[in-house]
Protein chains: 2
Amino acid sequence: MPTQPFRGVLVPVLTPFAANGDPDSGRFIAFCRWLLDQGANGLALFGTTSEANSMSPAERMALLDRLIEAGIPAGKLMPGTGACAITDAVALARHAVGHGCGGVLMLPPFYYKPVSDDGIFGFVANVIDKVGSSDLRVYLYHIPPVAVVGYSLDLVGRFIKTYPETVVGLKDSSGEWNNTAALLDRYPGFAVFPGSEVFLLDALRRGGAGCITATGNINVSGIAKVCANWQGPQADALQAEITIVRKTMQAYPMVPALKRVVAHFHNDPVWTAVRPPMLPLSETQSAALITDLAKIGFALGERRQKAA
Amino acid sequence: MPTQPFRGVLVPVLTPFAANGDPDSGRFIAFCRWLLDQGANGLALFGTTSEANSMSPAERMALLDRLIEAGIPAGKLMPGTGACAITDAVALARHAVGHGCGGVLMLPPFYYKPVSDDGIFGFVANVIDKVGSSDLRVYLYHIPPVAVVGYSLDLVGRFIKTYPETVVGLKDSSGEWNNTAALLDRYPGFAVFPGSEVFLLDALRRGGAGCITATGNINVSGIAKVCANWQGPQADALQAEITIVRKTMQAYPMVPALKRVVAHFHNDPVWTAVRPPMLPLSETQSAALITDLAKIGFALGERRQKAA
């Protein structure tokens, strides 16, 4: 069995952009710190929710440098290596390993379609071999609704067999519970994180490692409670609490909506900025979202119980 | 009407890779020269066929530098700027403009899905504004079968209206003649290049500018003949000649198949190498492909007439 550096709730951290469009490292550091204070077990930087693919590899590496300089513990970080070119993915993975990051979250190459399992295997194997470090821990990032290209069940098995000490887990953002359940059943000891907290309790009961979820940016303490109490009598009630927040958010474009909520509750409008091709929420959408959250009694960081 | 730097057949040049996986600039330069000698009116470097998205922006820019140093005329070059991050697309477009390239071929950002026309407009407008050069000529690259994200008819009109001197054309690799025809009918003076020579004659007769086609890597002289004789009595016969080559190639994965044909006819096995996630043809596929081409009497550079 490989060592498993992550367990519990990991947050794919939103990336704040300054007025000139550049990543805002000051706000990013403060927000990462706040998420860890709120109970995040790890930070999955530079994923889909982070708009990482709207940033150059150099921009992502510079942000990671700032975070490490600010004293955020590298072991808690799982930076994404999303890239279509092996050269870019190698640079990002090497940089993360160089900083001592707990692991990396690896998208398959997502430009060419269709691609075969052999082709995807060739890409990831090439990256692992070129990084060439026993410190590298790879978490496969399966998100076919966005990347289109994904990791099949058989391909995951091939990675586990070929790189048992390196490919140690997977984030399943397929949105399909059957896929998550099949991964858990077929590969015990492999760290499977559903990409939505809606599946958190079901996953934990089946041997899952936790979850890596966008909504963690606004509800990490609620989600952490499910992780802490999943074997207790309150587990289902706590799960219901976090599910309703997720379902409320899902009625809106997720990344701009999360940024709007952070801007609202942190009282910092800079947070609403997204990079094209994303668009910020309209004023009408923003007002509706805040109203919807008020209706379910949501307050940032921890969901309040509605007064009975 | 904007100035139109390109007309005729443009070749999205295959990128050769050396045994260590690096782009092979020597072979690349020689091949570009050969294509121009064979009658290519321009070279659309770093597109889909070029495996450009399997190369980092730095690798692409270095290859362009080598090409310019070797004396390939910049005015004949239309490098792709394929990237999901504005920062990368700006760097690539600026570099091409700095070299005096005739234009650039611009993919929309292709990671996030779904994206709105407003979001895609925001991305491209941002790149154009940041490059900030009156020398920039943008050709939109519409290839939804691969990129998934594409340019709608209305969005193309919005670019033409907003940037009449900058956004001057489009490569239509939708594979849908109805889309090409609609572009030609709605936007006269806008340079529309179908992404397959199968549609070349039909496009020229409707006001098209030519074509930008993968198969140009092996059949540019045949395709150039259609461009030169499209108003003559031989036009349909010449079109039939190039269509059969394309249809033969389309039975195989296009990029590895083209590389196999180049390796075969240039007698240079190095050319078969592709970068993951692509895979080279198997020996069986390779043999079948060469046989299929022999059956239609194909010889590299110019299609021989079959003996009657």
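Predicted model: local features only at pLDDT ≥ 70, side-chain atom pairs only at ≥ 80, totals over all residues.
Select B:Glu51, which is found in the loop of chain B between strand E2 (42-43) and helix H2 (57-69). Its phi is positive, at about 55 degrees, although B:Glu51 is not a glycine. Most residues other than glycine have a negative phi, and most peptide bonds are trans. Is B:Glu51 buried or exposed? With a relative accessible area of 0%, B:Glu51 is buried.

Now move to chain A and select A:Phe46, whose place is in the loop between strand E2 (42-43) and helix H2 (57-69) of that chain. A:Phe46 also has a positive phi in a residue other than glycine, here near 60 degrees. Because its relative accessible area is 5%, and buried means under 20%, A:Phe46 counts as buried.

**Second stop: the cis peptide bonds**

Select A:Lys113 and A:Pro114 together, and look at the bond that joins them, which is a cis peptide bond with omega at about -5 degrees. A:Pro114 has its place in the loop between strand E3 (104-106) and helix H4 (117-131) of chain A. In chain B, select B:Lys113 and B:Pro114, which are likewise joined by a cis peptide bond, with omega about -5 degrees. B:Pro114 lies in the loop between strand E3 (104-106) and H4 of chain B.

**Third stop: where the two chains meet**

Show both chains and colour them separately. Chain B and chain A bury about 2900 Å² between them, and 64% of this is on carbon and sulfur atoms. The contact takes 40 residues from chain B and 40 residues from chain A.

Select B:Tyr111 on its own and display what surrounds it. Leaving out residues up to four places away in sequence, B:Tyr111 touches B:Cys84 as well as a set of chain A residues, including A:Leu107, A:Phe110, A:Tyr141 and A:Ile143. B:Tyr111 is also one of the residues with the most contacts inside the largest nonpolar core, which has 221 residues; A:Tyr111, A:Leu43 and B:Leu43 are among the others listed with it.

From there, go to B:Ala85, which lies in the loop between H2 and helix H3 (86-98) of chain B. At 1% relative accessibility, B:Ala85 counts as buried. When neighbours within four places in sequence are left aside, B:Ala85 is in contact with A:Asn53, A:Ser54, A:Met55 and A:Ser56 of chain A, and with B:Phe123 of chain B.

B:Ala85 is 13 residues away along the chain, and the two C-alpha atoms are separated by 29 Å. B:Ala30, in helix H1 (residues 25-37) of chain B, is 42 residues from B:Ile72 along the chain, and here the C-alpha separation is 9.9 Å. B:Ala30 is partly exposed, with a relative accessible area of 46%.

Select helix H4 (residues 117-131) and helix H6 (residues 153-162) of chain B, which pack at an angle of about 35 degrees with their axes 10 Å apart. The crossing of H4(B) past H6(B) is right-handed. Among the residues that meet are B:Phe121 and B:Val124 in H4(B), and B:Leu155 and B:Phe159 in H6(B). By class, this contact of H4(B) with H6(B) has 6 nonpolar, 1 polar and 3 charged residues.

The contact is made by B:Leu153, B:Asp154 and B:Val156 of H6(B) with B:Asn179, B:Ala182, B:Leu183 and B:Arg186 of H7(B).

**Last stop: A:Phe190**

Finally, select A:Phe190, in the loop between helix H7 (177-186) and strand E6 (191-194) of chain A. A:Phe190 is buried, with a relative accessible area of 6%. Its contacts beyond four places in sequence include A:Gln4, A:Leu140, A:Ile160 and A:Val168. A:Val168 is 22 residues from A:Phe190 in sequence, and 5.6 Å from it in space, C-alpha to C-alpha.

Technical notes
Residues numbered from 1 in each chain as written. Chains lettered and ligands numbered in written order. Heavy atoms only, no water. Axes fitted to C-alpha atoms, helices over the stretch in contact; angles between N-to-C directions. Helix = DSSP H or I, 4+ residues; strand = E, 2+ residues; numbered from the N terminus. Left-handed = near helix turned anticlockwise from the far one by under 90°. Contact = heavy atoms within 4.5 Å. Nonpolar A, V, L, I, M, F, W, Y, C, P; charged D, E, K, R; others polar. Buried < 20%, exposed > 50% of the residue type's maximum accessible area, 1.4 Å probe, protein only. Core = buried A, V, L, I, M, F, W, Y, C linked by side-chain atoms within 4.5 Å. Buried area = accessible area lost by both parts, 1.4 Å probe.
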